[in-house]
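Subject: Structure for you to look at

Dear colleague,

I am passing on the structure below, together with some notes on what was found in it. Please read the notes with the model open beside them.

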Amino acid sequence: MAGAFSSLELMNSIANMGIAGEDTSRIEKKAGEAIIEEGEEGQVMFFVESGQANIIVKGRTIETVDAGGIIGEMALIDTATRSANVIATTDCCLIPIGRQLFVNLVKKNPLFSLYVMSVMNQRLRAASENFGN
């Protein structure tokens with residue numbers, strides 16, 4: 001998703017904060033595995049370092065997220081449970097971004113918050129178009 005803050009800038013911000021180094025924990029998912037399940041409590045969002053994943057709402061794919069994208073961002077905005085399923089369509093490497101790192105990214109580069117809002121806005125529009133709301 002293009003916007004005021006690119007995925008390359010996001011990766012650079014993560015690297016500059018020291019979390020994308022060799023010792024950073026990453027989550028690996030195989031193609032077909034669930035990354036996020038609707039209804040579960042969310043504590044982190046994910047930066048998709050490599051791979052591809054589908055965001056599925058009510059059985060419909062509303063977006064395919066490629067490397068450089070983010071998923072699960074709503075968990076850091078409110079305390080509601082996850083509203084979609086996210087399934088790896090290829091093998092994926094994910095970097096978890098918890099609440100404190102999220103706040104630090106926003107402080108370090110305010111355009112990051114615009115990027116997240118742009119992603120959320122586009123996903124809301126896609127869901128509305130898919131479900132006629």
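**Overall layout**

Read along the sequence, the chain follows the pattern α-β-β-β-β-β-β-β-β-α-α, and this gives 3 helices and 8 strands, where helices (H or I, at least four residues) and strands (E, at least two) are DSSP runs numbered from the N terminus. This is a predicted model, in which local features need pLDDT of at least 70 and side-chain atom pairs count only at pLDDT 80 or more, while totals for chains, interfaces and linings use all residues. Residues are numbered from 1 along each chain as its sequence is written, and side-chain values use heavy atoms, with hydrogens and water left out.

Of the 133 residues in the chain, 38% are buried, where buried means under 20% relative accessible area, exposed over 50% and partly exposed in between, with a 1.4 Å probe and protein chains only. Among contacts (heavy atoms within 4.5 Å) between residues at least 6 apart in sequence, 76% join residues at least 24 apart.

**Strand pairing**

Strands are taken to pair if DSSP finds at least two bridges between them. Strand 3 (residues 44–50) runs antiparallel to strand 8 (residues 92–98) and is joined to it by 6 bridges, with Val44 standing opposite Gly98. Strand 3 is also joined by 2 bridges to strand 6 (residues 70–71), again antiparallel, and here Phe47 stands opposite Ile70.

**Nonpolar cores**

A nonpolar core is a set of buried Ala, Val, Leu, Ile, Met, Phe, Trp, Tyr and Cys residues joined through side-chain atoms within 4.5 Å. The largest has 17 residues, and those with the most contacts inside it include Ile35, Phe46, Ile71 and Leu94. Strand 4 (52–57) is among the elements that each supply at least two residues of this core, and strand 4 gives the most, with 3 residues. Leaving aside neighbours within four places in sequence, Ile71 is in contact with residues including Ile35, Phe46, Leu94 and Arg123. A second, separate core of 13 residues includes Phe47, Ile70, Ile97 and Tyr115.

**Surface**

The accessible surface of the chain comes to about 7,100 Å², of which 51% belongs to carbon and sulfur atoms; such areas come from the Shrake-Rupley method with a 1.4 Å probe, and for residues only the protein chains shown count as cover. Met117, found in helix 3 (residues 111–131), is partly exposed, with a relative accessible area of 48%.

With regards
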